[in-house]
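Student: Can we go through this structure together? I would like to start with some strands and then look at the chains.

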2 protein chains.
Amino acid sequence: MSASEQEAVCRVVIIGAGFGGLEAALRLGSAPVDLTVVDRHNYHLFQPLLYQVATAALSPADIAVPIRHILRDQKNTTMLLDEVVGVDPARGVVRLRTAGALPFDRLILATGSVYSYFGHDDWPRLAPGLKSLDDATWIRRRLLLAFEHAESCAAAAARQRLLTFVIIGAGPTGVEMAGALAELARAALAQDFRRINPRAARIILVEAGPQVLAGFPDKFVRFAERELTAMGVELRLNAPITVVDAEGVVADGERIASATVLWCAGVQATPVASWLGVEPAKGGRVAVTAELRVPGHPNIFVIGDAAFLTDAEGKPLPGVAPVAKQQGRYVADLIRAQIAGAPAPAPFRYRDQGALATIGRSAAVADLPHLKLTGWPGWVLWSIVHIYFLIGFRNRVSVFLSWIWAWLTYARGARLITGDDRR
Amino acid sequence: MSASEQEAVCRVVIIGAGFGGLEAALRLGSAPVDLTVVDRHNYHLFQPLLYQVATAALSPADIAVPIRHILRDQKNTTMLLDEVVGVDPARGVVRLRTAGALPFDRLILATGSVYSYFGHDDWPRLAPGLKSLDDATWIRRRLLLAFEHAESCAAAAARQRLLTFVIIGAGPTGVEMAGALAELARAALAQDFRRINPRAARIILVEAGPQVLAGFPDKFVRFAERELTAMGVELRLNAPITVVDAEGVVADGERIASATVLWCAGVQATPVASWLGVEPAKGGRVAVTAELRVPGHPNIFVIGDAAFLTDAEGKPLPGVAPVAKQQGRYVADLIRAQIAGAPAPAPFRYRDQGALATIGRSAAVADLPHLKLTGWPGWVLWSIVHIYFLIGFRNRVSVFLSWIWAWLTYARGARLITGDDRR
């Protein structure tokens with residue numbers, strides 16, 4: 001660190017207030033820095049519960065909190081609602097769409113990932129993915145409208161197509177989505193129609209690989225497959241999708257007529273690599289050093305889904321919230337140490353705290369270091385963990401009450417068709 | 001009633017599931033009729049609290065319930081999400097956009113009102129009104145974005161324009177909106193910005209007439225004007241709006257630069273009169289008989305905001321929820337009596353239960369037959385009445401908790417910028 005930098009207040013810029021960026025911002029709140037947090041949205045989103053907004057169980061405000069509200073007591077912090085259009089590492093400047101050039105001494109890029117459609121540019125419109133609140137209310141609109149249109153529809157084939165739902169990708173999000181959709185059709189909507197039987201809706205979970213929940217222990221995979229089947233979800237394994245069009249999909253050579261196709265398959269990083277002018281690693285990520293720095297740019301850090309780093313065994317770290325949060329904390333501590341003139345912390349090491357996935361009403365799998373749970377105990381643990389990590393007291397209460405209420409009544413409180421058909 | 005009609009089950013169609021249409025539908029749930037309820041939205045909206053969604057205090061799901069969920073236990077009732085494109089009174093058919101021709105023996109038109117812009121076709125886009133959930137989330141987006149853009153804005157004049165809010169029309173909705181917006185700026189957002197001071201936002205309530213809350217007793221008008229002024233709302237009375245454009249408005253000859261203009265002024269009925277081919281009465285309403293029938297079409301009823309009827313003193317009935325509900329109940333009872341061969345009920349008479357309006361945190365006016373309240377007691381009564389009339393147990397609990405929480409913390413739980421700039 002140069003003498004001049006030590007004199008001026010260190011300007012830290014964080015791009016993205018997801019799990020990683022927000023953790024770093026909170027950790028730097030009491031540091032002697034001038035901190036600016038930039039996000040495209042005005043809210044921090046608790047993404048693990050986004051599928052519950054898409055399936056009408058929770059309201060958007062239950063899982064999203066204004067970023068500036070979270071950071072309001074940090075006097076050293078400014079929040080800007082803006083979008084990054086480029087980074088100039090040599091000049092130490094981030095270019096924003098509205099506010100223009102934003103200079104930095106340290107830059108933390110925590111911009112996350114977007115769904116990857118493997119180069120099919122028309123698929124995102126046909127098979128929306130679930131990343132933002134607008135995605136969720138759009139998918140909720142599509143799901144609920146499919147039932148409404150089926151009720152008004154006289155032709156049997158068209159009605160069957162409206163009542164066929166295809167979910168592509170059987171990772172945790174796809175499994176959770178399929179379970180929640182099955183519950184919506186079989187329980188919440190069951191009594192509400194006269195001409196159609198929502199229970200007869202087909203929910204098809206399509207996976208290119210040989211199993212659901214790739215990466216989870218075998219016992220859990222078998223449990224999840226059994227539970228999904230019991231809930232009436234049709235599993236299509238080893239069935240890569242080759243066509244998505246206005247009629248439906250082609251999976252493993254078989255055409256499935258469906259009016260509602262959802263994408264829960266692969267993700268790729270946001271264009272951080274191209275902003276920095278570096279060669280992207282796997283999934284468009286930026287390969288970082290063990291200190292989470294961009295090679296050649298020691299004052300630029302990339303964390304979370306946008307970063308590529310391997311663990312001690314050479315396995316890439318997964319794109320999950322705990323990795324992003326631990327990395328956010330690490331970088332914040334590293335910057336604080338630098339400013340204090342303290343020795344740099346040891347290289348980043350991810351502490352795996354396990355994984356959780358839920359399948360529906362009282363069935364979940366928990367794969368923790370010292371605890372493996374399935375079924376009802378797994379679901380209770382899943383609920384506690386998710387409510388615990390929700391930011392903001394009010395959201396916790398609201399989500400807790402919504403769950404209790406949904407549990408007792410099978411009803412879905414947020415079954416609203418809003419917005420319009422444009423996208 | 002003809003012999004053939006008595007043999008077949010009477011087909012009743014209700015268009016619109018607002019306060020009037022829903023009341024009629026619930027009242028006909030146990031009648032020996034074949035009932036179809038048609039609405040453009042899948043939800044019944046508790047419109048009196050819509051301004052709280054627009055000002056980020058409540059979530060859309062707090063004040064809206066799926067219509068088919070409310071009617072799910074009525075085995076004689078079908079709900080269709082559809083839009084009316086015309087009525088053929090002679091053939092006894094309603095034409096729907098999706099489902100086509102829908103025959104009826106009795107038709108209840110309860111389609112409500114829309115904002116009237118007095119022939120200015122470009123004003124709705126510039127100064128949105130507050131009628132649907134999408135209006136409310138759109139206005140919420142505009143309000144919150146104005147503060148966000150001001151925070152990013154370097155030019156003082158542009159920033160001042162972004163922090164100037166104009167509300168046109170000082171009826172109950174305009175007064176409630178101005179009060180809620182003042183609280184949003186002065187309390188909820190006060191700590192959250194670094195470059196602007198939200199407390200310095202100007203909130204200007206413009207009214208063409210000589211006072212706020214026209215129709216309320218003088219004492220209340222003075223109370224409301226005093227409270228609004230104390231909250232920092234600028235009142236412009238006797239100030240008709242002559243221009244609404246991209247820069248702001250011209251009120252009583254004075255130009256006000258504002259980025260956010262909201263319309264809470266006059267309403268007009270939906271195009272029921274043109275569907276029926278009758279001459280519209282005042283405000284585009286359909287003049288009805290004392291039995292709420294359309295003259296010349298005894299099997300067609302118009303109720304609520306779409307109907308024009310005068311009371312015993314010749315004063316037109318106001319476009320408020322109690323009128324619509326009482327009329328819905330009256331028509332349902334009349335149809336039940338007809339089917340049972342019982343004598344027709346006496347002509348409709350509106351029982352005025354008074355009026356309520358709130359100005360903000362613990363200030364409201366209540367003008368009831370035997371009770372006049374202002375201030376804190378008025379606010380408590382206002383809260384109880386509104387929660388009591390909210391449909392659905394869960395919503396009542398959720399709204400109650402939101403209010404308690406907002407009251408204790410001054411926070412707004414639903415400060416989310418969603419959607420996009422298109423409209």
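**Strands, chains and buried residues**

Tutor: In strand E8 of chain B, B:Pro103 is the bridge partner of B:Val93. Strands here are DSSP runs of E with at least two residues, helices are runs of H or I with at least four residues, and both are numbered from the N terminus. The model is predicted: local features need pLDDT of at least 70, side-chain atom pairs count only at pLDDT 80 or more, and totals for chains, interfaces and linings use all residues. Residues are numbered from 1 along each chain as its sequence is written, while chains are lettered from A and ligands numbered from 1 in the order in which they are written.

Student: How many bridges join E7 of chain B to E8(B)?

Tutor: Four, and the two strands run antiparallel; E7 covers residues 93-96. Two strands count as paired if DSSP finds at least two bridges between them.

Student: Which sheet are they in?

Tutor: An open sheet of three strands in chain B, ordered E6-E7-E8, with antiparallel pairing. Its edge strands are E6 (84-88) and E8 (100-103) of chain B, each of which pairs on one side only. On average, neighbouring strands in this sheet are turned by 25° against each other, direction ignored. That angle uses axes that are lines fitted to C-alpha atoms, for helices over the stretch in contact; angles run from 0 to 180 degrees between N-to-C directions.

Student: What about the sheet with six strands?

Tutor: That one is open too, in chain B, with the order E5-E2-E1-E9-E21-E20 and mixed pairing. E5 and E20 (293-294) of chain B are the edge strands, each pairing on one side only. E20(B) pairs with E21 (residues 297-302) of chain B over two bridges, in the antiparallel sense. There, B:Arg293 stands opposite B:Phe301 in E21(B).

Student: And how many residues are in the hairpin between E14(B) and E15(B)?

Tutor: The hairpin joins E14(B) to E15(B) through two residues. E14 (residues 241-245) and E15 (residues 248-251) of chain B run antiparallel and are joined by four bridges. B:Val244 stands opposite B:Val249 in E15(B).

Student: Switching topic. What rotation superposes chain B on chain A?

Tutor: A rotation of 180°, with 0.0 Å of shift along its axis and an RMSD of 0.0 Å. That is the relation of a two-fold axis. The same surface serves both copies, as 100% of the contact residues of chain B recur in chain A. The superposition is by least squares on the C-alpha atoms of residues with pLDDT of at least 70 in both copies. Residues are in contact if their C-beta atoms, placed from the backbone, lie within 7 Å.

Student: How many residues does the contact take from each chain?

Tutor: 41 residues from chain B and 41 residues from chain A. On the chain B side, E4 (64-66), H4 (67-70), E5 (77-81), H6 (133-152) and H13 (393-409) each supply at least two residues. H6(B) gives the largest share, seven residues.

Student: Which residues does B:His69 contact?

Tutor: Leaving aside neighbours within four places in sequence, B:His69 is in contact with A:Asp192 and A:Arg415. B:His69 lies in helix H4 of chain B.

Student: Is B:His69 buried or exposed?

Tutor: B:His69 is buried, with 22 other C-beta atoms within 10 Å. Buried means 20 or more other C-beta atoms within 10 Å of the residue's own, exposed means 12 or fewer, and partly exposed is in between, with C-beta atoms placed from the backbone.

Student: Why is E12 of chain A largely enclosed?

Tutor: Four of the five residues of E12 (residues 202-206) of chain A are buried, so the strand is largely enclosed by the rest of the structure. Five bridges join E11 (residues 164-168) of chain A to E12(A), and the two run parallel. A:Ile167 stands opposite A:Leu205 in E12(A).

Student: Last one: where is A:Leu213?

Tutor: A:Leu213 is in the loop between E12 and H9 (218-230) of chain A. Although not a glycine, A:Leu213 has a positive phi of about 50°. A:Leu213 counts as buried, with 25 C-beta neighbours inside 10 Å.

Definitions and conventions: Two residues are in contact if their C-beta atoms, placed from the backbone, lie within 7 Å.
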